[in-house]
Structures are given as structure tokens and as C-alpha cells.
Amino acid sequence: MRDRESRACRRIVVMPFFLTLLNFDPSAAAQTQSANPYYDGKNVQLLISSGTGGTTDISARLVARFLGKHIPGNPGVVVRNMSGGGGLIAANYLYNVAKPDGLTILAISRANYLDQMVGRAEVKADFRKFEWLGSFNKAPMMMACRSDTPYKSIAAMRAAKTPPRFGQAGTGSISYVFANLISKAFDMKIKNVLGYGSGREIDLGMERGEADCRATSDITVIRAPWNRWVTENWVTFVVQQGPEKSRLLPPVPTVAELAPPEGAPFVSLMNVMLAYTEFDRPYAAPPGVPKERLQILREGFERMLKDPEFGAEAKKQLDWDGATFLSGEDLRKKIEATVTQPPDVIKRVKEVLAEP
């Protein structure tokens, strides 16, 4: 009797399971899997190619606050500063060490592509092969010097017996690029003081008297200590990139307005050497990230840029107009076109960036 009951119970248990197998729907399983996005429960590491306190750091920490909110699965975003070499240490790490799993991205030092163009041995990356997420903001360049120095104009710099000292992070930094381009265009000597870890450290170096001048983007003036320096006339603005004049700077001439005829070949290089001013805040992932994950990151980046709260913070901290940005694909095309230049252009870029 018990044996018959036991067999009946087994039939009752097994039959529903068998019927479940017969009615298995693969598409339903796929829907269940898609309901758990790849980034669910994960952290994205956001590397920053500079030290703390500068605009690269400020913008990256702002991105870290908002990006995860716009990626399916809402991953955490963990910030890690990796300064050195004017941004090259972080770029080399992203290219050669970081896993291409979509969980590491980098706030790149925007002028590092020039180091690749001139073939510097320190460059262990091909910037054309990064998986670009996008960029926001435009930031033209300017040059300013301490007001207690004689370097109050280009003419004064050229006439000075002692070359002005420019604080620099590295040979791939935006400051180094612009300062050297100006020195060639105006045939004047400058002295680059290398080795600072961030823009903020260069500011401190100026305050300590280690450097006389600084070449940087115009948005630098909205943050400390520059906002105080401007109010107190502690710095004198010498020249700005142009051709449009920055609304953030006091009246100051552009490169084109001041450049002598013999400086024209170097002025013509500005489109290549200062292309980075069109992509002020570029972000990238390592080469080889799966296409679907790259697309998720790119779409999340663009949704973040459309977030009104992000826009308000970016306006306050970085003077972003909310409209100027490049998509990941547009940024990839821009990098490709800029880095790939004929030999005669590469030769002139090398001349500008040559270390004294």
C-alpha cells in the first residue's frame, strides 16, 4: 500500500517538472537575463590623468557623481587619481594594463596625442585605438604671468634678459604645448619648469615664486586661486588663443593679432596642436571593449550630459554652456584626423615641442 502511494507521489512531483520542460520558452529566459544588466552590482573605475584640484580632476569627479545614474544597472563609479608624465602614465596604463571589460575609463589629458605624433619614447599607447566615450566643453588657451614680474606683454618677454619660467606638468600637457607654440611663433625664449603633478601644484609653484607664468585654458580663471588673483590683479594676462576672444578673460590680444609675419608657419599649426581645445574633457576606455558595453557607456555618457542637474553643476564648476560636446564616435574621428598628419607637419610639431 505504501509502495503504491509512494509511486503516485513521485508521479505528481515529476509530471509538472516534465511539463515545464515541454513549455520552456528561450525568449522568456533571455528577457529575464536582460533584466539584470551587465553593470548591475558592479563598480566602474574612473582614472584621472592628473593630481587633485585642477580642472581635469574637478570635471572627472563631477562625471563620477552622475555617470552611474545613467548606465543601466546603476554601477558605482570609483575615482582614482593617476598623475605623472603630463598624463602619459594614466594613458599608458589604460592602453596596456586595464582590462577591456568596460569597467575602467579614463579622464585623459587632452593634449597627450601630440606626444604620440612626435614619437616620444614615453608613449606606450596609440590614441587612435582607445574606445572614446565622448567629451564636453570647449576651452581655448591663454597665457598669464605674475604681475610683479617684468613679463607683462609679448614684447616685454622678448626683451627680457632672463627668460620667463613656465610651470609645467610634462611635455604632453596643454600648458607645455601652448607655451612652446607661442615661443616659436614670437621667436622668444622661455624656460619650462617641469615635474608638477597637477594644475593646482603649478598654481602653488607660482605663489612660491618657482614659476613666473602659466599657460592654461581660459576656464581656469573661474576657480581658486585664479578668481582671487584676477580680483587682486595678482596676474597679468598676456595673450589668448583666439580667433574668438574668451568671455572669461579681461581684454587681451589674440595670437593672430600679435604674431609677426615670420611666425605665420607656427600660427598655422594651431589647428593641429590646439585641436584639443575642441574636446576639453575627453573620456576613453581601453582598446577592445566589447561593442555592446562601449555602446552602453557612450549612451550613458550622453544621457549624463543631458541631465539638468549635471548641466547646472558643470556650468558652475566648468563654465560649460550645456551645448558643446562631441559624441564618442565624433571624438574618435577627431583624434584620428588630428594624429594622422603628413611628414612635413609632424616635423614642424616636433620643432615646437622640442625640449631645450
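**Legends to close-up views**

**View 1. Trp-226 and Trp-229 lie three residues apart in helix α9 (residues 226-231), a separation of about one helical turn.** Helices (H or I, at least four residues) and strands (E, at least two) are DSSP runs, numbered from the N terminus. The model is predicted: local features require pLDDT of at least 70 and side-chain atom pairs count only at pLDDT 80 or more, while totals for chains, interfaces and linings use all residues. Residues are numbered from 1 along each chain as its sequence is written, and side-chain values use heavy atoms, with hydrogens and water left out. The structure holds 13 aromatic pairs, a pair being two rings of Phe, Tyr or Trp (its six-membered ring) with centres within 6.5 Å; planes under 30 degrees apart count as stacked, over 60 as edge-to-face and the rest as tilted. The rings of Trp-226 and Trp-229 have centres 5.0 Å apart and planes at 50°, so this pair is tilted. Both Trp-226 and Trp-229 are buried (buried, under 20% relative accessible area; exposed, over 50%; partly exposed, in between; 1.4 Å probe, protein chains only).

**View 2. Phe-310 and Trp-320 form an edge-to-face aromatic pair, with 6.0 Å between the centres and 70° between the planes.** Phe-310 belongs to helix α14 and Trp-320 to the loop between α14 and β11 (325-327), 10 residues apart, and the pair links these distant parts of the chain. Phe-310 and Trp-320 are both buried. Ring pairs join Phe-66, Phe-136, Phe-310 and Trp-320 into a cluster.

**View 3. Asp-307 and Lys-69 form a salt bridge, with their closest N and O atoms 3.0 Å apart.** Asp-307 lies in the loop between α13 (291-305) and α14 (308-318) and Lys-69 in the loop between α3 (55-66) and β2 (76-81), so the contact ties together parts that are 238 residues apart in sequence. Asp-307 is buried, at 7% relative accessibility, whereas Lys-69 is partly exposed at 49%. A salt bridge is a side-chain nitrogen of Lys or Arg within 4 Å of a carboxyl oxygen of Asp or Glu; a search of the whole structure finds 21.

**View 4. Glu-257 and Lys-245 form a salt bridge, the closest N and O atoms being separated by 3.5 Å.** Glu-257 lies in helix α10 (residues 255-258) and Lys-245 in the loop between β9 (235-240) and α10, so parts 12 residues apart in sequence are tied together. Lys-245 is partly exposed, at 48% relative accessible area.

**View 5. The charged end of Arg-293 sits over the ring of Tyr-38, 3.8 Å from its centre.** A charge sits over a ring if NZ of Lys or CZ of Arg is within 6 Å of the ring centre and within 35 degrees of the ring normal. The charged end of Arg-80 likewise sits over the ring of Tyr-93, 5.6 Å from its centre.
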